[in-house]
Amino acid sequence: MWLHIDPSSGTPIYRQIVDQVRQAVASGVLRAGDRLPSVREMAVELAVNPNTIAKAYQELERDGVVVTPRGRGSYVADRDHGLDEAEAIRQFTEGVDRLVAEAYRLRIDRKSALRLLAERIDEAERRRSGE
Amino acid sequence: MSDLAISLQGVTKRYGQREALRQVDLAVPAGSIFAVLGPNGAGKTTLIRSLMGLMHLDEGTGSVLGYPLGPNYPPRSLKERIGYVAQQPALYERMTAGELLDLARGLHPRWDGQTVRRYLDLFSIPRDLRVRQMSTGTRAQLALTLVMGGNPELLILDEPTLGLDPLHRHQYLQLLLADSVEAGRTVLLSSHDLHQIERLADRVTILVEGKLTLTGAIDDLKVTEKRIRIAGDPTEADLLAVPGVRRAVKEQIGWLVTASGRADELRASLLQVGGVKAVQVYDQSLEEIFLSYVG
């Protein structure tokens, strides 16, 4: 399993799962149409309470990352089309704020930060369009 | 049937002058995995033993799977529905695993031989192994096998994974989850392993000196229980006057505050306090939340 749970983190476990699935989708590790393990499978594999997994899946579904056609299994959706633009921007800004703080801490200047971001976007796009 | 597998109201237990449990109210939803946390001597084992009818209560009422606590508690018909593993399970030292299982089968009308065979296989416990030859970890595994064979509706586990190495602990918890949740089984457990509880439990309660100090869903607690770093030189009294603030500790630079509430509201009200220059709110792990109530 490519998910890693860190119970010593202050981040609730369902949120760790949501974040990691999102990252896997964004980076092309998971592709549209891929089937996620069932709630039970994932709960047993990770030794995590199934309600926690179910909560993560519900959030992923509400955000349009995952679809559950006729309630049978969870599949990676085509894109985050379920979100309206304002909410998408709000969620993205949260991540950007974290990056800005890290850039300041690590003395990464504006130019390097923007270059790195562009490189990573290019790389993720290449990987998603590959195969 | 009621939605609560266990409910207690105002339960008090005294040992001489000392109150081991003080006015404990507890509500364990059916089908949930509920963890009782607390430092040594906080009353966890007393609480668990009361639920098993192994202890006379001085005050309070309650019920387990619909049966009221009281003089004739627990009736035989209820005992069959509860699987109880004590902290150091008393297993007959001279018996073999197989002999113990045969004995347990005789006591349980709903014995599930298939589950037992599966567990013995997974745990690699030979039927002819004598208890006195078993390691602490193997004893814990056998104790789980014995109760799961009885197909209980309610599992009560006192420090169940003590003595298991990390690999076998993970396997133990996987089995517990796999075989409890779909069966709708309620699990009440006590543990010191907070990382394990964080994964496993729906709800936790923290017992300190016989009193329940905090009860809730783990995810909710993580949203509301915050650690806050404050720059500036406010007074302790002013900080403690802010709603939700439980503790303020002066540090070399500024103050460290523990508080319950929403991050944005706490930040806003702390910024109003005289002398406060900056406020940083941090999330806490279950372990940090625990320490903030117990320490």
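**How the helices of chain A cross**

In a right-handed crossing, α1(A) passes α3(A); a crossing is right-handed if the near helix is turned clockwise from the far one by less than a right angle, and left-handed if anticlockwise. Keep in mind that this is a predicted model, where local features need pLDDT of at least 70, side-chain atom pairs count only at pLDDT 80 or more, and totals for chains, interfaces and linings use all residues. Residues are numbered from 1 along each chain as its sequence is written, while chains are lettered from A and ligands numbered from 1 in the order in which they are written.

**α1(A) with α3(A)**

- The axes of these two helices, α1(A) and α3(A), come within 8 Å and cross at roughly 45°; axes are lines fitted to C-alpha atoms, for helices over the stretch in contact, and angles run from 0 to 180 degrees between N-to-C directions.
- α1(A) and α3(A) are therefore oblique to each other, given that angles under 35 degrees count as roughly parallel, over 145 as roughly antiparallel, 65 to 115 as roughly perpendicular and the rest as oblique.
- From α1(A), Ile13(A), Tyr14(A), Ile17(A), Val18(A) and Val21(A) meet Thr52(A), Ile53(A), Lys55(A), Ala56(A), Glu59(A) and Leu60(A) of α3(A).
- By class, the residues of this contact are 8 nonpolar, 1 polar and 2 charged (Ala, Val, Leu, Ile, Met, Phe, Trp, Tyr, Cys and Pro count as nonpolar, Asp, Glu, Lys and Arg as charged, and the others, Gly among them, as polar).

**α2(A) with α3(A)**

- α2(A) and α3(A) pack at about 125°, and their axes are 9 Å apart.
- That angle makes α2(A) oblique to α3(A), and their crossing is right-handed.
- Val39(A), Arg40(A), Met42(A) and Ala43(A) of α2(A) meet Pro50(A), Ile53(A), Ala54(A) and Tyr57(A) of α3(A).
- The contact of α2(A) with α3(A) has 7 nonpolar, no polar and 1 charged residues.

**Where chain A touches chain B**

- In the interface, 17 residues of chain A are in contact with 21 residues of chain B (two residues are in contact if their C-beta atoms, placed from the backbone, lie within 7 Å).
- On the chain A side, α1 (13-26), α2 (39-46) and α3 (50-62) are the elements that give two or more residues.
- α2(A) gives the most to this side, with 3 residues.

**Chain B as a whole**

- Chain B has 11 helices and 14 strands; helices (H or I, at least four residues) and strands (E, at least two) are DSSP runs, numbered from the N terminus.
- Of the 295 residues of chain B, 38% count as buried (20 or more other C-beta atoms within 10 Å of a residue's own, with C-beta atoms placed from the backbone; 12 or fewer is exposed, and in between is partly exposed).

**Inside chain B**

- Why does Leu21(B) count as buried? Leu21(B) is buried because there are 28 C-beta neighbours inside 10 Å.
- Leu21(B) sits in strand β2 (residues 18-29) of chain B.
- The largest nonpolar core has 83 residues, and Leu37(B) and Ile156(B) touch the most other members; such a core is a set of buried Ala, Val, Leu, Ile, Met, Phe, Trp, Tyr and Cys residues joined through C-beta atoms within 7 Å.
- Helix α5 (residues 136-149) of chain B supplies the largest share of this core, 7 residues.
- A second, separate core of 13 residues includes Val245(B), Leu266(B), Leu270(B) and Val279(B).
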